[in-house]
Amino acid sequence: MEKQKANIDFNNEVIRIRGLQKSFGDYHVLRGIDLDLYQGENLVVLGRSGTGKSVLIKLISGMLYPDAGTINVLGNELTTITEKEMEALRIRIGFSFQNSALYDSMTVRKNLEFPLVRNRKGITRKEIDNAVHKVLDAVSLSQTINQMPSELSGGQRKRIGIARTLILNPEIMLYDEPTAGLDPITCIEINELINEVQQSYNTSSIIITHDLTCAKMVGDRVAMLLDGQFQRVGTFDEVFATDDARVKPFYDYNFIE
Amino acid sequence: MESIESHTEQAPSGLTKVKNSVISFFLMLYRVYAFIIRFFKEVFVPPYEFREVVRQCYETGVRSFTLITLTGFIIGVIFTKQSRPSLTDFGATSWLPSLVSIAVLKALAPLVTALIAAGKVGSSIGAELGSMRVTEQIDAMEVSGTKPFKFLVCTRVIATTFTIPLLATYTALIALLGGYLNINQNEGTSYATFIEQAFEPITFVDIWASLAKAVVFGFTIGIVGCYQGYNSTKGTEGVGKAANGAVVTAMFLVFIEEVLIVQIAGWFR
Ligand SMILES: Nc1ncnc2c1ncn2[C@@H]1O[C@H](COP(=O)(O)OP(=O)(O)OP(=O)(O)O)[C@@H](O)[C@H]1O
Ligand SMILES: [Mg+2]
């Protein structure tokens, strides 16, 4: 299925990262990242396991703190932001975890209600129910509303995880390997969901993946993370129009004939 | 990639090992202290998560109820049975009720309850929060602005602080019941006489000291369990470590606190 033309505003950067560095002990994971995410676009971040893709979006969502560099998210500079401002900013960013991170002691309904009732004071029961049904509809899983996370399949869990972030109407979505560990057909369904979210919720997203089908289907731009920096950024075809021995294998191994 | 290989560490010498473990011990003390401070900072700020507190109280009670009932009763019976011969030698079996009640109310009930709760409740808090940490559920709460510390930690610590004194009271009653049944069977002491003799040597300071002990134990078990779970390391073995660490540390602290509180209560007599 072809991706619908996205409505991107290239003059409006929702995320602007300059010279970002992060180390753990002696290991320099990120060594000077520059990145712009434009309003309305889907940016795919590719990279091998352990290159620091998850670390990057954890820095963007404020779960980790950078060693050097600046991260500007929706006009807020994360390195100088106050705790209060960070709290307000967090609910404008949706984070879909690599392993879904559903609250496994709660039903699907409670999982979805949880961020809502705790962030919107004085919300009515009816409003909550409407919001829950709306996001469940968006991920086409209305029938699971009373199930426990342990009763869901991997793909269903991913989608409920996405629904749980959508319920707060985020402006930015960060997807950490949304298709990892899923069968090809479920992958494509998730990719379609990501595109639908982009269209109907008007989000700007960073999608982390090593799945090139996913990159091709959802990415307006693709960025390749290599040795702690973005080596190639552009459209899918631009990024792979190279003989770089670190980039080419990525493509070749994904599409073995 | 080469940067990873080039930094393989040399095996540390004995002295550095000792130095490191001393440093890490004090680092841990500081982190526990910061954790407790954070608890007191957040616990008085609304929302108070009343429903979650009630649910956690229920969990705490249910988890330890059966074992506490059994242990309390057996302690009462056994203690009475074992004390009888030495009193018989002095012809002083009439002291048995007061002996049992002193032992149970002043020492055994809070301590036994705390140890059982450390095993049952502390470990499950550690495991529960540990697995939530490992599976990034706590991070997920954090990034969706839902204040996991308040929801997960404050509620559990309040629950154990409140419930364990109740459980300790219950343990005391059950143990006294065990003692009474045994005495009633052997000496034929009536219920009214037993109660009268049992509470004769007990002062209010004793009761308050025991309750205070139970409160401190409850707080300790909750805080330690939460600390271990909340800060558990990634990976599956992190959960086991958190659960185990919760039990061991809590029991250790309970013994130390027991000694301290007995000392302090002594000053008020
Ligand atoms: N909290 C942390 N403490 C210490 N090291 C960490 C931490 N988080 C990540 N790392 C290290 O940073 C490196 C990058 O990790 P990251 O999770 O970002 O990889 P990734 O690119 O997302 O890989 P994958 O595709 O496998 O998810 C890894 O070597 C990891 O060990
Ligand atoms: Mg990752």
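A salt bridge here is a side-chain nitrogen of Lys or Arg within 4 Å of a carboxyl oxygen of Asp or Glu. This is a predicted model, where local features need pLDDT of at least 70 and side-chain atom pairs count only at pLDDT 80 or more, while totals for chains, interfaces and linings use all residues. Residues are numbered from 1 along each chain as its sequence is written, chains are lettered from A and ligands numbered from 1 in the order in which they are written, and side-chain values use heavy atoms, with hydrogens and water left out.

**Stop 1: salt bridges in chain A**

Select A:D36 and A:R18. Their side chains meet in a salt bridge, 3.2 Å from N to O. A:D36 sits in strand β2 (residues 27-39) and A:R18 in strand β1 (residues 9-24), so the pair ties together parts 18 residues apart in sequence. Helices (H or I, at least four residues) and strands (E, at least two) are DSSP runs, numbered from the N terminus. A:D36 is buried at 15% relative accessible area. A:R18 is partly exposed at 29%. Buried means under 20% relative accessible area, exposed over 50%, and partly exposed in between (1.4 Å probe, protein chains only).

Next, select A:R125 and A:D129. This salt bridge has its closest N and O atoms 3.1 Å apart. Both residues lie in helix α4 of chain A, 4 residues apart, about one turn of the helix. A:R125 is partly exposed, at 45% relative accessibility. A:D129 is partly exposed too, at 22%. Over all chains, the structure holds 24 salt bridges.

**Stop 2: the magnesium ion**

Which residues coordinate the magnesium ion (ligand 2)? Select A:S54 and A:Q98: the OG of A:S54 and the OE1 of A:Q98 do so, at 1.9 to 2.5 Å. The two are 44 residues apart, with A:S54 in helix α1 (residues 53-60) and A:Q98 in the loop between β6 (93-96) and α3 (108-119) of chain A. Donors are N, O and S atoms within 2.8 Å of the metal (3.2 Å for Na, K and Ca); water is not among the atoms, so sites may look incomplete. A:Q98 is partly exposed, at 34% relative accessibility.

**Stop 3: one face of a helix**

Select helix α2 of chain A, residues 83-90. Its buried residues are A:M86, A:L89 and A:R90. Look down the axis of α2(A): these residues fall within an arc of 100°, so they line one face of the helix. The arc is that of the directions from the helix axis to the C-beta atoms. What covers them includes β4 (68-73), β5 (76-77) and β6 of chain A, together with α5 (137-143) of chain B.

**Stop 4**

Most residues other than glycine have a negative phi, and most peptide bonds are trans. Select A:S140, in the loop between α4 (125-138) and α5 (154-166) of chain A. A:S140 is not a glycine, yet has a positive phi of about 50°. Go on to A:N169, in the loop between α5 and β7 (172-176) of chain A. A:N169 also has a positive phi of about 50° without being a glycine.

Now switch to chain B. The peptide bond from B:P46 to B:P47 is cis, with omega near 0°. B:P47 is in the loop between α2 (14-43) and α3 of chain B.

**Stop 5: inside chain B**

Select B:E52, in helix α3 (residues 50-89) of chain B. Is B:E52 buried or exposed? B:E52 is buried, at 11% relative accessible area. Not counting residues up to four places away in sequence, B:E52 touches B:F151, B:T155 and B:R156; contact means heavy atoms within 4.5 Å.

Then pick B:G130, in helix α4 (residues 96-134) of chain B. B:G130 is buried, at 0%. Its contacts, leaving out residues up to four places away in sequence, are B:I125, B:G229, B:S232 and B:V239.

Last, select B:D206 and B:K106. They form a salt bridge, with the closest N and O atoms 3.8 Å apart. The pair links distant parts of the chain, 100 residues apart: B:D206 in helix α8 (residues 204-230), B:K106 in helix α4 of chain B. B:D206 is buried at 4%, whereas B:K106 is partly exposed at 31%.
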